[in-house]
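The following note sets out points for a colleague who is reviewing the structure shown here.

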Amino acid sequence: MSEKKLIILGLIIFVVIVTFPLWYNRGKAAPAPERILTDKAKAAKVCVRSTDYMKAEHMQLLDLWRDSVVRQGTRIYVSPSGKEYNMSLSNRCLDCHSNKAEFCDRCHNYASVRPYCWDCHIDNPKETS
Amino acid sequence: MNARYMVSLVTVIVLFLIAWAGTALGLQVLFGIIIPYAALLLFIVGFIYRVMNWSRSAVPFRIPTTGGQHKSLPWFTHAQFDCPATKWQVVVRMALEILTFRSLFRNTRMKLKEGGRLSYQLEIFLWVGALAFHYAFLAVLIRHLRFFTEPVPFFVQLIENIDSFFRVEIIYPVFKFGIPGVFVSGIVLLLAVAYLFLRRIFTPQVRYISLASDYFPLFLIFGIALTGILMRYITKIDVTSAKALTMGLVTFRPTIPEGVGTIFYIHLFFVSVLLAYFPFSKLMHLGGIFLSPTRNLTTDTRTKRHVNPWNYPVPVHTYEEYEDEFRDKMIEVGLPVEKMPEPEPVKEDAPAKDETPAEEEEKE
């Protein structure tokens with residue numbers, strides 16, 4: 001009989017572990033954070049690429065920019081629409097999206113992503129102000 | 001060509017097509033909400049049902065497989081964890097079995113060498129593959145909690161940090177890989193599954209005993225790992241929307257957000273199928289390993305008497321009772337008896353003296 005008790009105890013532990021996400025969140029709603037744009041970003045209307053592209057692939061674009069600037073010294077990015085941009089995180093991206101805490105960090109925290117951009121780009125003057 | 005793995009492969013391809021077509025037809029609610037809930041329910045209920053069913057099996061006798069010296073006289077070294085005599089030794093044995101797969105490590109291969117010499121070789125590749133597979137899968141599972149918890153608990157972030165220790169970035173305008181950081185566990189999982197599959201294909205003995213139910217989970221897990229890796233590194237999806245969907249599931253506020261690609265639904269459908277298939281399959285070794293009587297019983301048959309618990313009283317007629325009943329008749333016809341009746345007034349004891357030694361000789 002004590003064996004049966006042990007088995008039931010094991011099953012209870014199993015159910016508790018498997019349903020961890022169900023009780024950990026206590027049913028509290030956790031919708032995706034809203035994108036908050038600065039007035040400047042709203043006025044610009046378009047980013048260097050489409051919103052869908054930027055949502056999914058901005059990290060690769062930023063790395064391409066980094067390699068192109070640091071390794072090839074090319075600073076001009078030509079978007080598919082033919083417009084030219086200066087490749088720069090601090091001076092281009094964060095110029096419009098100066099609200100890093102709202103625009104960058106909220107989604108990164110939500111998805112538990114810790115990008116290393118900010119290991120170097122801490123001198124952003126728009127950020128400190 | 002082998003029907004057993006072809007059937008499994010075709011099944012997984014059909015599952016892929018079902019999810020793909022379903023998403024194309026706009027059945028996101030079915031594939032993103034209803035099927036995952038149903039699969040989780042089936043998984044939990046089915047798992048409990050299977051284990052409770054096992055718990056009703058009788059285990060009347062000790063049947064552990066022993067791998068060392070039984071506890072015996074004090075000058076014999078007792079193999080405590082290969083032939084456990086106490087409960088705690090069993091606990092250690094089980095922990096080593098579950099965490100390090102010792103019985104797979106003991107795998108040997110027999111080979112006839114030249115001159116007809118038989119040799120045994122340690123064959124650890126299955127053990128290595130199984131360890132890699134299971135621990136990679138565990139790491140992947142824990143990492144995925146980032147989609148199911150808000151805020152993300154520290155241990156998930158810890159695993160993520162360890163898992164993304166190696167940074168591999170291949171960034172060209174035509175081919176990009178490694179952003180976001182590469183998680184080793186996903187790659188190891190894919191390679192381990194591939195190895196475990198190829199082992200079944202290329203080792204003739206293993207191929208002979210492999211069934212469709214052995215190949216199917218491998219293909220399915222391969223599909224899950226592949227779609228996951230594709231989503232993370234190659235054909236990106238909007239992670240925030242994906243998490244909005246999964247968080248909706250676990251907080252019982254199901255939503256179908258925009259911008260979650262088809263590949264996400266394929267991934268989710270594969271996982272749902274795996275969960276639903278789990279209780280019906282060999283994957284139940286997750287629960288079964290804990291209930292294996294060949295591992296979790298003590299080998300104390302020399303120190304304890306184990307009586308079959310469902311023995312019921314049987315009316316027995318022992319030889320002593322039989323002889324008591326028929327002694328006179330037995331003596332009459334000259335059959336040997338164990339107990340001679342009390343000799344009555346001694347008169348002619350000469351023949352009786354002759355008989356007794358003869359009986360004893362016969363018995364021996």
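This is a predicted model: local features need pLDDT of at least 70, side-chain atom pairs count only at pLDDT 80 or more; totals for chains, interfaces and linings use all residues.

1. Helices, here and below, are DSSP runs of at least four residues, and strands are runs of at least two, numbered from the N terminus.

2. One joins B:Glu150 and B:Pro151, with omega about 0°; B:Pro151 sits in the loop between H5 and helix H6 (154–163) of chain B. Another joins B:Ile179 and B:Pro180, with omega about -5°. The loop that holds B:Pro180 runs between strand E4 (176–177) and H7 of chain B. For context, most peptide bonds are trans.

3. The helices H5 and H7 of chain B also pack against each other. Two packed helices are described by the angle between their axes and the distance between the axes. For helix H5 (residues 125–144) and helix H7 (residues 184–202) of chain B, the axes come within 8 Å and cross at roughly 145°, and the crossing is left-handed. The residues of H5(B) that take part include B:Phe125, B:Phe133, B:Phe137 and B:Arg143, while those of H7(B) include B:Leu189, B:Tyr195, B:Leu196 and B:Arg199. By class, this contact has 15 nonpolar, 3 polar and 2 charged residues.

4. Turning to the interface, 36 residues of chain A are in contact with 44 residues of chain B. The area buried between the two chains is about 3600 Å², and carbon and sulfur atoms give 68% of this area. Between chain A and chain B there are also 10 residue pairs in polar contact, with both residues at pLDDT 80 or more. On the side of chain A that touches chain B, two or more residues come from each of helix H1 (2–18), helix H2 (20–24), helix H4 (51–72) and helix H6 (100–110). H4(A) gives the largest share of that side, 10 residues. The classes on this side of chain A are 23 nonpolar, 5 polar and 8 charged residues.

5. Which residue forms a salt bridge with B:Glu169? The partner is A:Arg66, and the closest N and O atoms are 3.0 Å apart. Between chain A and chain B, the count is 3 salt bridges.

6. Over all chains, a search of the whole structure finds 21 salt bridges. One pair within chain A is A:Asp95 and A:Lys40, whose side chains meet at 2.9 Å, N to O. Because A:Asp95 lies in helix H5 (residues 89–96) and A:Lys40 in helix H3 (residues 39–44) of chain A, the pair ties together parts that are 55 residues apart in sequence.

Key:
Residues are numbered from 1 along each chain as its sequence is written. Chains are lettered from A and ligands numbered from 1 in the order in which they are written. Side-chain values use heavy atoms; hydrogens and water are left out. Contact means heavy atoms within 4.5 Å. Buried area is the accessible area (1.4 Å probe) that two parts lose on being put together, summed over both. A salt bridge is a side-chain nitrogen of Lys or Arg within 4 Å of a carboxyl oxygen of Asp or Glu. A polar contact is a pair of N or O atoms within 3.5 Å; within protein, one must be able to donate a hydrogen and the other to accept it, and residues adjacent in sequence count only if both atoms are side-chain atoms. Ala, Val, Leu, Ile, Met, Phe, Trp, Tyr, Cys and Pro count as nonpolar, Asp, Glu, Lys and Arg as charged, and the others, Gly among them, as polar. Axes are lines fitted to C-alpha atoms, for helices over the stretch in contact, and angles run from 0 to 180 degrees between N-to-C directions. A crossing is left-handed if the near helix is turned anticlockwise from the far one by less than a right angle, and right-handed if clockwise.
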